[in-house]
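Have the sequence and the 3D view open side by side.

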Amino acid sequence: MAYIIEMLNIVKDFPGIRANDDVTLQVEKGSIHALLGENGAGKSTLMSILFGLYTPDGGSIRIRGETVRITDPNVANELGIGMVHQHFKLVHNFTVTENIILGLEPRKGLMIDVRKAASKVAELSKLYGLDVDPNAKIEDISVGMQQRVEILKMLYRDAEILIFDEPTAVLTPQEIHELIGIMRRLVEEGKTILLITHKLKEIKEVADTCTVLRRGKFIGTVAVKDASEARMAEMMVGREVSFSVDKGPAAPREVVLEIQNLCVRNNKNLLGVKNLSLQVRRGEILGVCGIDGNGQTELIQALTGLAKIESGSVLINGHNVTQLPVRQRLDRGLGHIPEDRHRHGLILDFRLDENLVIHNYGKAPYSRYGVLDFTAIRKNAERLIEEFDVRAGKGPATFARSMSGGNQQKAILAREIDRSPEAFIIAQPTRGLDVGAIEYIHKRIIAERDKGKAILLVSLELDEIMDVSDRIAVIYGGEIVGLVDASKTNENELGLMMSGSVRKAV
Amino acid sequence: MAAKTEKAAKGRKVLIPLVAVALGFLLGSIVVLLTGKNPLLMFNAIIQGLTGINIATGGFNPRHIGELVIQAMPIILTGLCVGFAFRTGLFNIGAEGQLMMGSLAATAVALTVKAPTFVHVPLILVAGMGAGALWGAIPGYLKSRFNVHEVVVTIMLNYTALHFNNWTILNVFTSVDRVKTAEFPTTALLKDPWLADLTNGSRLNWGFVPVILAVIAFWFILEKTTFGYGLRAVGFNKDGAKYAGMKVDRNVVLSMVIAGAFAGLAGAIITTGTFSFGRTLSSAEGYGFDGIAVALVGMTQAPGILLAGLLFGVLKSAGPLMQSAGIPREIGGIIQASIVMFVAMKLGIERILDLAKGKRAAKAALAATADGVGEVGV
């Protein structure tokens with residue numbers, strides 16, 4: 001069968017690093033081809049080259065057998081290449097149709113012919129089974145629907161090659177299931193799909209072929225039906241990976257973190273968390289799962305002091321911290337791995353060593369009489385880099401911005417674990433990370449539990465919640481609608497509670 | 001390799017303003033050529049302004065150095081003022097007003113307090129700093145408490161300061177002369193005949209000592225103290241700073257207070273150093289806007305601001321020298337403006353540097369492969 005995309009011996013250099021080193025990617029027409037690799041493996045660079053965002057330093061690209069030079073995204077569009085970005089690029093107070101036609105509006109005289117466009121959108125939506133309302137406003141539809149709008153945008157532009165960049169990162173299990181159906185449908189209609197991901201389960205489920213990259217190098221291309229998940233993981237990481245999280249039974253003791261009748265307002269000034277009560281004990285991990293936007297963010301921010309608490313109380317070891325500012329909560333034994341590591345977790349323009357003392361810079365040995373001791377700060381960074389295997393090109397002097405996502409997260413983890421917090425709030429610890437890093441982070445979280453820490457784990461990844469937690473609380477509409485034992489539940493039961501249709505044992 | 005790129009990144013940071021300065025002078029030269037004059041006369045005037053040496057005649061006059069310092073002092077301080085706020089993520093357009101308030105407070109202390117010089121002068125400087133700090137605190141407080149944008153508030157406070165200054169001088173410290181107060185007592189002055197003699201009768205005064213201390217303080221506070229660490233964190237990422245438990249609102253106010261103090265100090269130095277009386281002003285004198293330019297060209301770093309302040313100072317002080325050489329004195333302003341423009345075109349300059357470097361690298365790579373020692377991978 002003919003290759004629709006051939007990227008041959010691609011080389012791309014960035015200052016100090018070769019992001020793509022002789023990478024070859026050949027995609028058959030009408031197939032779903034997965035591109036697998038850890039963070040920093042060069043997947044995004046390769047796709048950016050294909051999409052015209054970067055020009056390669058070596059190698060050639062052939063589309064439908066013809067050698068092409070993709071100098072900018074417009075060229076890519078003309079070649080029928082479309083990209084569904086991980087972060088959607090939609091105008092929120094526009095309708096679905098308005099978003100889709102943005103940039104190539106059909107005209108009737110001086111007016112935009114919205115009706116004609118809407119009917120074309122509806123037609124496409126029907127053809128591919130997308131079920132999108134062309135006249136709905138983006139702000140009123142779910143994340144899964146927004147993603148379909150992005151897909152429609154590509155189809156409207158007659159894209160034949162669709163690049164999906166980590167498409168399932170923002171979806172619920174049910175939505176993922178539907179997306180997989182849509183992808184199959186697209187291929188049936190003759191489209192070609194390039195799927196960037198590090199989730200092996202999805203590759204196994206949907207892809208035909210899989211190309212693996214590791215540290216910028218091409219490792220191999222395999223037929224998915226012949227390769228096991230373990231085999232692909234090994235290709236990606238370069239060593240054997242254990243999938244099951246190794247953990248002994250929990251030995252919960254007294255309550256450390258107690259949340260009583262908590263109410264918190266969200267940014268729309270409505271109650272985002274309603275009358276929520278939870279107890280986390282020493283030596284256990286309580287997982288909070290739910291569909292994005294059901295009060296998780298408000299809960300985390302209220303516990304950590306970033307958002308105002310409307311009513312109710314938060315106790316750490318019996319001390320009421322409800323009204324305390326962030327710093328004093330931290331001093332009372334609170335630890336926090338924030339869900340957004342760029343916005344909250346790090347000062348990206350600070351060096352790694354400066355980031356690692358962000359809570360403690362005011363204390364000895366990092367400062368004396370208000371003057372920073374950079375030797376002590378650097379030594380601290382060297383110690384944590386060593387202990388937590390943080391990979392940073394220039395060691396302690398690396399700017400956080402230039403580190404990979406996995407290493408940024410490891411740095412945050414190192415900083416927080418090193419503070420040895422009693423009540424540890426961990427939010428989305430592995431979002432966007434690869435299997436190697438996920439394995440490591442899960443191991444460290446469980447080690448903290450075994451050291452006798454009380455851990456509240458909030459995650460949108462159901463697998464993560466089920467693997468790591470001892471007990472699971474399901475949050476829906478700002479309320480806890482279920483509280484179950486992790487060993488006595490399953491994906492189905494949790495999924496039903498997450499959608500609000502079942503309540504259990506609160 | 002890693003150390004090399006880091007060095008390169010640092011070098012780049014210094015290189016961009018230098019390229020901008022070079023391009024600014026190039027553009028100035030072209031304008032001089034267009035007016036039908038010899039650009040070398042312009043450079044001669046600038047070198048004379050900087051060193052006191054007239055290359056054309058071989059003469060030396062130290063007065064020019066003194067005048068350069070006089071021109072540079074206030075804009076270095078307003079540069080520090082703007083730069084300090086900027087490092088905390090604030091755009092302080094109010095250096096001018098903060099400077100005027102400093103100058104007014106200095107006038108008040110100079111005229112009302114009777115003390116020996118070694119008490120009187122420090123008191124005046126501290127009063128100037130205090131008034132500037134207070135004037136800076138207003139937008140800082142409004143920003144942190146009510147989220148009012150500091151640009152709007154500082155612009156309005158510039159006018160408020162101007163008219164408050166004029167009203168106070170006219171109504172409280174009146175003298176026969178409607179545009180200025182009575183002369184200050186000699187105990188209040190930064191002037192020193194010894195310095196004037198040393199520089200052949202220039203207006204040079206002891207003001208440069210607090211200016212140097214201010215540059216050091218700027219660097220020390222921001223780079224070395226826990227307080228500065230917090231300010232920089234707020235400047236880069238407010239949410240991150242909040243998460244880390246820093247008092248973001250307090251830091252915003254304190255940053256504006258310190259920024260205002262720098263500008264207030266400039267006001268005090270102008271009033272008791274360059275002049276010896278309080279003045280009414282018909283309009284703003286432009287120190288605040290020069291400060292923005294200085295901070296920008298100096299990349300908001302202490303040494304950069306010092307150098308940029310001296311550069312813009314010499315462009316000002318060389319104005320009369322250019323004029324006597326038959327070159328319009330506005331050329332200095334043109335050069336200053338184009339330097340700022342080129343610094344703002346940072347990305348463009350980086351692009352040019354990349355291209356230049358790319359060509360060199362390509363040549364080097366070609367030479368290397370010819371020798372059979374091409375670099376493979378990383």
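**A helix pair in chain B**

α12(B) passes α15(B) in a left-handed crossing. Left-handed means that the near helix is turned anticlockwise from the far one by less than a right angle; clockwise would be right-handed. The contact is made by B:Ala293, B:Leu296 and B:Val297 of α12(B), with B:Gln336, B:Ile339, B:Val340 and B:Val343 of α15(B). Contact here means C-beta atoms, placed from the backbone, within 7 Å. By class, these residues are 6 nonpolar, 1 polar and no charged. Ala, Val, Leu, Ile, Met, Phe, Trp, Tyr, Cys and Pro count as nonpolar, Asp, Glu, Lys and Arg as charged, and the others, Gly among them, as polar.

This is a predicted model: local features need pLDDT of at least 70, side-chain atom pairs count only at pLDDT 80 or more, and totals for chains, interfaces and linings use all residues. Residues are numbered from 1 along each chain as its sequence is written, while chains are lettered from A and ligands numbered from 1 in the order in which they are written.

Now the geometry. Two packed helices are described by the angle between their axes and the distance between the axes. Helix α12 (residues 287–297) and helix α15 (residues 330–344) of chain B have axes that come within 10 Å and cross at roughly 45°. The two are therefore oblique to each other. Under 35 degrees would count as roughly parallel, over 145 as roughly antiparallel, and 65 to 115 as roughly perpendicular; the rest is oblique.

Next, B:Lys316. This residue is found in helix α13 (residues 302–317) of chain B. Is B:Lys316 buried or exposed? B:Lys316 is buried, with 21 other C-beta atoms within 10 Å. The cut-off for buried is 20 or more; exposed is 12 or fewer, and partly exposed lies in between. B:Lys316 touches B:Gln71 and B:Gly332, leaving aside residues up to four places away in sequence. The C-alpha atoms of B:Lys316 and B:Gly332 are separated by 6.4 Å, although the residues are 16 apart along the chain.

Turn to chain A. It has 17 helices and 24 strands, taken as DSSP runs (H or I, at least four residues, for helices; E, at least two, for strands). Of its 506 residues, 47% count as buried. The C-alpha trace of chain A spans about 65 × 50 × 50 Å along its principal axes.

Finally, the chains meet. The contact takes 28 residues from chain A and 20 from chain B. On the chain A side, the residues divide into 15 nonpolar, 7 polar and 6 charged.

Methods:
Axes fitted to C-alpha atoms, helices over the stretch in contact; angles between N-to-C directions. Contact = placed C-beta atoms within 7 Å.
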